[in-house]
Amino acid sequence: YCGLEYCSKHRCPGHGLVPARRVSWGGTSTGRRFLGCPLDLPQECEWVVWVDPPPPLCVALAFE
């Protein structure tokens with residue numbers, strides 16, 4: 001799950017750009033896919049639209 005999501009109705013509100021497809025690699029959201037700002041740090045804003053639902057509580061607790 002990578003690249004840009006050209007078909008999305010969403011746009012990064014901080015920059016007006018097509019969102020990037022990303023995967024979370026930390027905390028209770030590990031493995032969840034989301035759309036986010038396509039810029040790299042330090043220009044990247046913290047805008048996120050989750051593609052996957054939150055994990056069940058038992059899974060979330062395992063990643064704490």
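Ser 24 touches Ser 29, Thr 30, Gly 31, Arg 32, Phe 34 and Trp 50, leaving aside residues up to four places away in sequence; contact here means heavy atoms within 4.5 Å. This serine sits in the loop between β1 and β2, and with a relative accessible area of 10% Ser 24 is buried. For accessibility, buried means under 20% relative accessible area, exposed over 50%, and partly exposed in between, using a 1.4 Å probe and protein chains only. The model is predicted, so local features need pLDDT of at least 70 and side-chain atom pairs count only at pLDDT 80 or more, while totals for chains, interfaces and linings use all residues. Residues are numbered from 1 along each chain as its sequence is written, and side-chain values use heavy atoms, with hydrogens and water left out.

Four bridges join β1 to β2 (residues 33–36) in the antiparallel sense, and Val 23 stands opposite Arg 33 in β2. Pairing requires that DSSP finds at least two bridges between two strands.

Taken whole, the protein has one helix and three strands, which follow the pattern β-β-β-α along the sequence. Helices (H or I, at least four residues) and strands (E, at least two) are DSSP runs, numbered from the N terminus. Of the 64 residues, 25% are buried. Among contacts with a separation of 6 or more, 28% come from residues 24 or more positions apart. Along the principal axes, the C-alpha atoms fill a box of roughly 35 × 25 × 20 Å.

With a disulfide taken as a pair of cysteine sulfur atoms within 2.5 Å, the count comes to zero. The sulfur of Cys 7 is 15 Å from the closest cysteine sulfur, in Cys 2, which is too far for a bond. Cys 45 is likewise in no disulfide, the nearest cysteine sulfur being that of Cys 12 at 3.3 Å. Cys 7 counts as exposed at 75% relative accessibility, whereas Cys 45 counts as partly exposed at 22%.
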